[in-house]
Amino acid sequence: MTYSPEVRERLERDAKEIIGRYPRSRSALLPLLHLVQSEDGYVSDDGQEFCAEMLGLTKAEVVGVSTFYTMYKRKPAGEFHVGVCINALCAVMGGDQIWDELTEHVGIGNGETTADGKVSLERLECNAACDFAPVMVVNWEFFDNQDPESAKRLVDDLRAGKEVAPTRGPSRLCSFKDASRVLAGLSDGQAGEGPSAAGPSLEGLKIAKANGWTAPKGASE
Amino acid sequence: MTTLTPVLTANWDQADSFTLSGYGEYSAAKKALGMEPDAIIKAVKDSGLRGRGGAGFPTGMKWGFIPQGDGKPHYLVVNADESEPGTCKDIPLMMANPHSLVEGAIITAYAIRANHAFIYVRGEVLHVIRRVQAAVREAYEKGYLGTNIFGSGYDLELVVHSGAGAYICGEETALLDSLEGYRGQPRLKPPFPAVAGLYASPTVVNNVESIASVPSIIGNGADWFAAMGTEKSKGFGIFSLSGHVTRPGQYEAPLGITLRELLDMAGGIRAGHRLKFWTPGGSSTPIFTDEHLDVPLDFESVGAKGSMLGTRALQIFDETTCVVRTVLRWTEFYAHESCGKCTPCREGTYWLKQVLKRLEKGQGTEDDLSTITDIADNILGRSFCAFGDGATSPIHSSVKYFRDEYLKHFEIGGCPFDRAASTVWGASA
């Protein structure tokens with residue numbers, strides 16, 4: 001193991017807290033893989049060894065699982081992992097053009113990271129925000145209603161170290177590693193930031209209110 | 001005319017809707033914990049609530065399958081792995097109103113006599129995960145989760161579990177394998193999860209919207225819920241309009257509303273264009289055309305017209321869109337997300353993708369159309385789970401309605417459509 005004693009101790013403390021939530025320890029494997037990704041920016045060899053040790057599994061069992069899931073990166077992701085939805089609807093609405101122009105602009109392709117380690121790019125399948133098409137995400141935060149120019153500007157800003165805020169999310173974008181820590185189940189205290197809902201999410205409600213439409217009155221009202 | 005019925009979406013425009021103070025006390029859970037568990041199951045059966053994750057299985061009946069007095073632990077697992085292309089209802093629901101889900105989980109877990117529940121959220125939605133985690137934390141602090149909830153003697157632990165990028169984990173048995181710490185691959189059924197689910201114990205797996213609907217049923221009564229919708233498809237549901245629509249978004253309405261009615265509310269197809277094709281409930285539901293504008297969007301009516309209600313993910317495409325290209329992109333998705341367990345699906349989706357690529361480039365032949373429908377026939381019904389079946393839906397339905405458009409591609413040796421015209425910014429050009 002190459003984790004320093006301090007890092008190792010911290011990871012073990014977090015891991016034990018996570019494992020304690022589950023009736024059977026192996027259920028903690030996915031969160032633990034997110035946890036080591038929050039340390040290394042990818043599921044490193046050491047990280048997978050760590051998961052195996054904590055759960056009493058072989059490393060082969062851990063690797064067998066980590067390779068199944070696309071969010072576990074086998075080489076370091078950028079500080080900002082940028083996804084462009086290229087599933088049918090987003091592709092048609094402009095996602096294809098965004099992807100083409102963005103990769104040309106940044107000079108890297110799918111699954112690649114810029115030499116400065118700042119940005120990595122990924123072609124994403126549907127991210128469940130179709131009413132905001134074309135959709136992008138950075139470190140799994142929503143960047144809604146994009147176009148080729150806004151996409152290029154976004155990546156330029158990220159590389160230049162400017163502060164960037166997601167459309168529906170916290171007021172400041174966190175790093176890929178910090179995002180992985182939340183995915184491991186460890187809070188970063190930012191749930192209260194950002195709107196409840198925005199844009200298209202509210203269209204139906206707005207129309208209902210404008211017309212005075214409601215569900216029938218119920219016993220609890 | 002059918003009107004909208006905001007219930008789950010009713011508080012989304014409040015700035016604090018995702019907090020306990022914005023949501024309110026868990027009065028339905030409090031009421032439920034004073035009832036007999038079987039009375040809750042009966043109320044949900046009587047309400048007519050059917051699974052909102054796509055399949056439409058009666059929710060109360062599913063709960064009733066959990067064996068009682070079997071001495072085994074029972075589990076509730078909420079399927080929040082929303083990933084079906086076009087489906088985008090559970091994600092905004094959990095972002096804006098996560099407490100409806102947590103309260104629903106408490107009532108459901110109590111009804112099926114489970115003391116441990118999980119919310120399996122897809123990983124790629126960070127802020128949604130934060131909101132659900134925070135809602136669960138607030139509920140613990142308030143004593144709505146943990147031990148002796150509402151002084152009833154009932155205990156419940158609720159864990160928020162993040163996925164890691166695998167569409168197939170939305171399939172309930174793949175989800176269970178994933179939650180156990182394995183590769184997410186579907187299991188052969190039977191046994192069904194109600195008998196041998198999580199850790200081989202009786203387990204209910206329900207969609208987010210199904211569970212989030214439960215507090216309103218307990219609070220307002222089964223009759224209140226059943227008064228909405230159609231005879232066999234009762235209640236309300238969130239309809240998600242996306243694509244070439246003037247005002248895409250989330251529209252909560254009784255089941256049985258039509259696309260024509262929804263489009264009227266949404267300002268119609270984007271200006272200067274007309275409807276070409278659409279999915280009633282995600283990419284796995286066979287496409288419809290402008291012939292189907294008046295089909296009531298309920299389980300029976302959509303089924304009778306050869307598609308499925310699915311997740312009410314209405315992806316709308318206008319006449320600028322190439323069907324062949326769209327079907328290719330869905331097929332690439334299925335090839336990418338096939339878990340690889342069953343040969344027909346793993347190999348079939350791969351070959352469908354190859355042939356469709358050729359067709360889209362205008363390098364195919366009429367024989368290729370028989371090839372893709374043959375391959376689809378050999379996937380359909382021949383895999384463990386419904387994923388393979390879903391992959392065949394766009395193929396069969398597009399060839400049925402748009403055979404000429406496929407032919408046109410190889411007649412002219414390329415795609416007859418201008419891609420720029422179908423983009424958001426292409427419309428105004």
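1. Helices (H or I, at least four residues) and strands (E, at least two) are DSSP runs, numbered from the N terminus. On that basis chain A has 8 helices and 4 strands, in the order α-α-α-α-β-α-β-β-β-α-α-α from the N terminus. The C-alpha atoms of chain A fill a box of roughly 60 × 55 × 30 Å, taken along the principal axes.

2. The model is predicted: local features need pLDDT of at least 70 and side-chain atom pairs count only at pLDDT 80 or more, whereas totals for chains, interfaces and linings use all residues. Residues are numbered from 1 along each chain as its sequence is written, chains are lettered from A and ligands numbered from 1 in the order in which they are written, and side-chain values use heavy atoms, with hydrogens and water left out.

3. The interface of chains A and B. Contact (heavy atoms within 4.5 Å) involves 82 residues of chain A and 93 residues of chain B. The buried area, meaning the accessible area (1.4 Å probe) that two parts lose on being put together, summed over both, is about 6,800 Å² between these chains. Carbon and sulfur atoms give 60% of that area. In chain A, the residues that lose the most area to chain B are A:Phe68, A:Val92 and A:Ser196, together 11% of what that side buries.

4. A salt bridge here is a side-chain nitrogen of Lys or Arg within 4 Å of a carboxyl oxygen of Asp or Glu. A:Glu203 and B:Arg247 meet in a salt bridge, at 3.9 Å from N to O.

5. The elements that give two or more residues to the side touching chain B include α2 (29-40), α4 (59-66) and α8 (203-211) of chain A. The largest share, 9 residues, comes from α5(A). By class, this side has 43 nonpolar, 23 polar and 16 charged residues. Ala, Val, Leu, Ile, Met, Phe, Trp, Tyr, Cys and Pro count as nonpolar, Asp, Glu, Lys and Arg as charged, and the others, Gly among them, as polar.

6. Helix packing in chain A. The axes of α2(A) and α3(A) (residues 45-55) come within 9 Å and cross at roughly 145°. Axes are lines fitted to C-alpha atoms, for helices over the stretch in contact, and angles run from 0 to 180 degrees between N-to-C directions. Residues of α2(A) that meet α3(A) include A:Leu29, A:Leu32 and A:Val36, and among their partners in α3(A) are A:Phe50, A:Cys51 and A:Met54. The residues of this contact divide into 9 nonpolar, 2 polar and 1 charged.

7. A pair within one helix. A:Glu12 forms a salt bridge with A:Arg8, the closest N and O atoms being 2.8 Å apart. Both lie in α1 (residues 5-19) of chain A, 4 residues apart, about one turn of the helix.

8. Backbone points to check. Most residues other than glycine have a negative phi, and most peptide bonds are trans. A cis peptide bond joins A:Ala133 and A:Pro134, with omega about -5°; A:Pro134 is in the loop between β2 (119-124) and β3 (136-138) of chain A. The bond from B:Lys189 to B:Pro190 is also cis, with omega near -5°. A:Trp140, not a glycine, has a positive phi of about 70° and is in the loop between β3 and β4 of chain A.
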